[in-house]
Amino acid sequence: MTLQECDFRCKTENESVYYCRHSSVHTLNELVSDEICNICEFANTQCRSPRPEPSKKKSQLPPLRQQVWNLTKSLADFSFKGFKTVSKRTYQKRLEICDTCDERQDNRCLKCGCYLSKKAIGLSFSCPLNKWESLIDKSDK
């Protein structure tokens with residue numbers, strides 16, 4: 001299948017799977033199949049802050065015990081604060097910040113090990129680099 005030209009598509013080891021750099025596309029590890037990529041509604045839209053191309057060198061996640069502790073602590077706080085989530089607007093803003101962060105690898109934060117698409121939704125969840133501090137909308141409280 002011949003795909004239309006796209007500034008956001010990066011080849012992967014699999015010929016029919018691409019890494020998408022467009023900040024509005026949020027899939028598992030930002031990977032899309034050629035069928036999806038071919039009909040993408042964002043292919044001709046401007047992207048304010050495209051994600052960097054994935055590096056070939058894999059950065060190190062925190063040790064598993066630290067990731068488990070971070071998750072446990074975050075989920076306990078999420079539960080204690082009533083399982084509140086952020087607005088769609090705040091969620092998108094959080095992900096846009098993560099999209100340009102050097103501590104991001106695919107859908108993971110290299111600082112805490114969390115899956116960004118999951119972490120960005122909880123009101124009580126925070127960025128370990130304090131990049132989300134000023135994003136809370138009035139509708140989020």
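Which backbone oxygen lies 2.9 Å from a polar atom of the side chain of Arg-94? The backbone oxygen of Gly-122 does, and Arg-94 itself is a residue of helix α3. The structure is a predicted model, in which local features need pLDDT of at least 70 and side-chain atom pairs count only at pLDDT 80 or more, while totals for chains, interfaces and linings use all residues. Residues are numbered from 1 along each chain as its sequence is written, and side-chain values use heavy atoms, with hydrogens and water left out.

**Overall architecture**

- The protein chain holds 4 helices and 5 strands, where helices (H or I, at least four residues) and strands (E, at least two) are DSSP runs numbered from the N terminus.
- Read from the N terminus on, the elements of the protein chain follow the order β-β-β-α-α-α-β-β-α.
- Of the 141 residues in the protein chain, 39% count as buried, with buried meaning under 20% relative accessible area, exposed over 50% and partly exposed in between, for a 1.4 Å probe and protein chains only.

**Nonpolar cores**

- The largest nonpolar core has 11 residues, namely Val-86, Tyr-91, Leu-95, Cys-98, Cys-109, Cys-112, Cys-114, Leu-116, Ala-120, Cys-127 and Trp-132; such a core is a set of buried Ala, Val, Leu, Ile, Met, Phe, Trp, Tyr and Cys residues joined through side-chain atoms within 4.5 Å.
- Helix α3, residues 88-99, gives the most to this core, contributing 3 residues.
- Another core, of 6 residues, lies apart from the largest one, and among its members are Phe-8, Tyr-18, Cys-20 and Cys-37.
- In soluble globular proteins, nonpolar side chains tend to be buried together.

- The structure holds 1 cavity of 30 Å³ or more, a cavity being a set of points, on a 1 Å grid over the protein atoms alone, where a 1.4 Å probe fits but cannot get out.
- About 100 Å³ of space lies in the largest cavity, where grid points are joined across faces, edges and corners and the volume is the space filled by probe spheres set on the points.
- Of the 13 residues that line the largest cavity, the closest to its centre are Cys-98, Cys-101, Cys-109, Leu-116 and Cys-127, and lining residues are those with an atom within 4 Å of a point.
- The elements that give two or more residues to this lining are α3 and α4 (116-119).
- By class, the lining of the largest cavity has 9 nonpolar, no polar and 4 charged residues, with Ala, Val, Leu, Ile, Met, Phe, Trp, Tyr, Cys and Pro counted as nonpolar, Asp, Glu, Lys and Arg as charged, and the others, Gly among them, as polar.

**Buried polar and charged side chains**

- Arg-94 counts as buried because its relative accessibility is 2%, and its C-alpha atom is separated by 9.7 Å from that of Ser-126, 32 residues apart along the chain.
- Asn-107 is placed in the loop between β4 (104-105) and β5 (108-109), and with 4% relative accessibility Asn-107 also counts as buried.
- The side chains of Asn-107 and Ser-117 are joined by a polar contact of 3.0 Å, that is, a pair of N or O atoms within 3.5 Å, of which, within protein, one must be able to donate a hydrogen and the other to accept it, and residues adjacent in sequence count only if both atoms are side-chain atoms.

**Aromatic cluster**

- A search of the whole structure finds 2 aromatic pairs, where rings of Phe, Tyr and Trp (its six-membered ring) pair if their centres lie within 6.5 Å, and planes under 30 degrees apart count as stacked, over 60 as edge-to-face and the rest as tilted.
- Phe-78 and Phe-83 form an edge-to-face pair, with 5.3 Å centre to centre and 85° between the planes.
- Phe-78 and Phe-125 form a tilted pair, with 4.9 Å centre to centre and 40° between the planes; Phe-78 lies in helix α2 (residues 64-80) and Phe-125 in the segment after α4, so this pair ties together parts that are 47 residues apart in sequence.
- Ring pairs thus link Phe-78, Phe-83 and Phe-125 into a cluster, in which Phe-78 is buried at 15% relative accessibility and Phe-125 is buried at 11%.

**Positive phi values**

- Most residues other than glycine have a negative phi.
- Asp-106, in the loop between β4 and β5, has a positive phi of about 55° although it is not a glycine.
- Asn-130, in the segment after α4, has a positive phi near 60° and counts as exposed at 53% relative accessibility.

Conventions:
1 Å grid on protein atoms, 1.4 Å probe; cavity = no way out; pocket = protein on both sides within 12 Å on 5 of 7 lines; lining within 4 Å.
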